[in-house]
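Hi everyone, thanks for coming. Let me put the structure up, and then we can walk through it together.

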Amino acid sequence: MALDLAETALQLDTMAVGLKNSVNDTNMRSESASTLLEDFNAKDFEARIDLSSKVFNWSAPSFPLRPAESIATSDNPVDYLAIGVDGSHIDINRHIPVRCFLINTGVARLRYGGNPNAYLSSTPHLFSGLTDTAIFDKSNINRSIPIQGSILGAVRTVEEIKTLATALENIDPVESQLPVIGLVDGTLVMLDLLRAGIPDYVIRNILDDGFLTALNKIRQMSKNRKVVIASYISLPGSTEVMDGIRLLGCPFPKSDCLQHCGTRSSGERPCDAYALGLLDRDVFAKRLSRGQRTEIFGSSSELVKSYYRENEVKFFYVNTGDEIARVEMPKWVAEDESSVSLVHSLVVEQCKLGSGYPACLMEAHEQAVISTSDRSYFLNLVEEVLEGQDMRFYTSRKDHSKRIRWL
Amino acid sequence: MGTVERLGEVVESNTNEFVTQCYELYSSPPLGSLVKVGESEIIYGIVSYSSTAGLDATRRPVARGQSLGSEQEVYERHPQLTRLLNTEFRSHIVGHMSGIEINTFLSPIPPRIHSFVMSCDREEIRIFATSLDFLGAVLRSQIPQADDVVAAFVRFALKMLPDVEGLKLDVARQLASLLGSETHRLEAILRRIR
């Protein structure tokens, strides 16, 4: 037996007891955080941010004027189009003799109302060869970084947003009169690029030449018709608002974390009384009723601030009836009240139709997903085509050993 | 079924039967209908079974209409269902075209996958309804509902060929000859075509 399940179960028991004991403390902290939100004063908050910039260790997002506000959903349009896009990929396999990866994007275009219909599709895109599987520095072509791991994750996100732009572009003239929501799964902030050591030319290549170009294309479309886009994060684990609450709860006039709390351990800092162990969704779960959303916050990500410009990421939390979800959108959507209202009402409606998760995203995922058997079949296909060209297919001894599992 | 209509495509095929995936959800021809398949090698079959299920066997449909007023509303509220559900029907092979003649016995080769499946015209139905040679093969087949398929075919033929005199009597004679001493079975089939 590789994993000692009996020993693991004992450790899980201990974990569960610890979690149970902390429930009361967590609830109290959540109540305190909620009170801070209710007493929020925008001027004081901004002054505090200015005063504490560079010495406050957490990254507070931009807060709305009334962060404690709960906003009810308006009626969603009966006739509308929901387009969901999702992606899946097969990463580079260093155990085989060819360098390639595959991205499969799925689209679900669902029309609701008078003439309901659906279009579901998936498109595989194989990347191979040196130029397709690496990102090159335009100013020095001798510098490049292979696309794999987290960078491949970012490239996949680019493919997803490009696919969404194409799907929105291809809407026929009759349907383009309808309100349209384009949804992608996950965050609009390219978290994969936040990993230390990723060169600036890679970030620029992925963002400027890919992600943001596609977003700008959609923004242009939105000028002529009612198109809104957003990303949906189910059970979000973010603590951005909690970081802001730490700033609000800091008893020192200047929140200099190192000076005041540099020697205090986690749990002993004054701001821990409001935020320790809490996620944004924990606080909003107690404030939002079914269908309600928060006001709009602005992402605190340095990446967003440095690169996103007119596509700066804004977000709200919403109670879909089944969970507190995070909905992100570009600034040009967030700044238009009717667009936000449309995003809000359609996200809630889509969640209702999808049993708690947007129906269009669920179907896009089903189109995009690459099953274990498909992955294995892909490998066999690679082997077949190579041998068809009289090229020898081989695997590493490690991979061979894992497959054979001899005694 | 006055004009010939394309119903779907063959997705499974063997010497005895073929399975057709319908182009439209719930558009299977009724049990007992005569259909044909293929462009150059035309093969005839009688619809013996139809089913509707999710295209992906791992995704089971769930109840969705508790708060809705009608079944139609379920499909309007979830337009993707028409793409994710799929209707198929199984046809028992009863004949094939050889040159310009229709033979009412098994084809030497089964239909090809993706062959188009069409409804039949009156003349084709008349040939099978007046020959009735294939009835024995259907009655002896492993189809669990073979008797119902035979009765359904007769009802289908009577409806399509109201001008053919004595058809019901011919069928009764043919069935009596085929079923011999199985009088209960014969009576049961005849009751279904009255």
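Let's start with one pair on the screen: B:Arg59 forms a salt bridge with A:Glu366, and the closest N and O atoms are 3.9 Å apart. By salt bridge I mean a side-chain nitrogen of Lys or Arg within 4 Å of a carboxyl oxygen of Asp or Glu. Between chain B and chain A the count is 3 salt bridges.

A quick word on ground rules. This is a predicted model, where local features need pLDDT of at least 70 and side-chain atom pairs count only at pLDDT 80 or more, while totals for chains, interfaces and linings use all residues. Residues are numbered from 1 along each chain as its sequence is written, chains are lettered from A and ligands numbered from 1 in the order in which they are written, and side-chain values use heavy atoms, with hydrogens and water left out.

Back to the interface. The rule also finds 3 residue pairs in polar contact across chain B and chain A, both residues at pLDDT 80 or more. A polar contact here is a pair of N or O atoms within 3.5 Å; within protein, one must be able to donate a hydrogen and the other to accept it, and residues adjacent in sequence count only if both atoms are side-chain atoms. On chain B, the elements giving two or more residues to the side that touches chain A are α1 (71-77) and α2 (81-84). Helices (H or I, at least four residues) and strands (E, at least two) are DSSP runs, numbered from the N terminus. By class, that side of chain B has 6 charged, 2 polar and 2 nonpolar residues. For the classes, Ala, Val, Leu, Ile, Met, Phe, Trp, Tyr, Cys and Pro count as nonpolar, Asp, Glu, Lys and Arg as charged, and the others, Gly among them, as polar.

How much area do chain B and chain A bury between them? About 1,000 Å², with 54% of it on carbon and sulfur atoms. Buried area is the accessible area (1.4 Å probe) that two parts lose on being put together, summed over both. B:Arg77, B:Pro79 and B:Gln80 supply 46% of the area that chain B buries against chain A, more than any other three residues. In terms of contact, meaning heavy atoms within 4.5 Å, 10 residues of chain B meet 14 residues of chain A.

Now into chain A. Its open sheet has 8 strands in the order β3-β2-β1-β6-β7-β10-β9-β8, with mixed pairing. The edge strands, each pairing on one side only, are β3 (117-128) and β8 (297-298) of chain A. Two strands pair if DSSP finds at least two bridges between them. Further in, β1 (residues 80-90) and β6 (residues 180-185) of chain A run parallel and are joined by 5 bridges; there, A:Ile83 stands opposite A:Gly182.

Here is a residue I'd like you to look at: A:Arg326, in strand β10 (residues 324-330) of chain A. Is A:Arg326 buried or exposed? A:Arg326 counts as buried, at 3% relative accessibility. Buried means under 20% relative accessible area, exposed over 50%, and partly exposed in between (1.4 Å probe, protein chains only). What does its side chain meet? The side chain of A:Arg326 makes a polar contact with the side chain of A:Glu240 at 2.6 Å, and another with that of A:Glu328 at 2.9 Å.

A:Phe284, in helix α9 (residues 280-285) of chain A, is buried too, with a relative accessible area of 1%. Leaving out residues up to four places away in sequence, A:Phe284 touches several residues, including A:Leu37, A:Pro67 and A:Tyr317. A:Phe284 and A:Ser30 sit 254 residues apart in sequence, yet their C-alpha atoms are 9.1 Å apart.

Last stop, chain B, with 7 helices and 7 strands. Of its 194 residues, 42% count as buried. Strand β3 (residues 34-37) of chain B is covered on both faces: B:Leu34 and B:Lys36 on one side, B:Val35 and B:Val37 on the other, are all buried. This β3 runs antiparallel to β4 (residues 43-54) of chain B, with 4 bridges, and B:Lys36 stands opposite B:Tyr44. It also runs antiparallel to β7 (residues 116-119) of chain B, with 3 bridges, where B:Val35 stands opposite B:Ser119. In the β3-β4 hairpin of chain B, with 5 residues between the strands, B:Gly38 takes a positive phi near 100 degrees.
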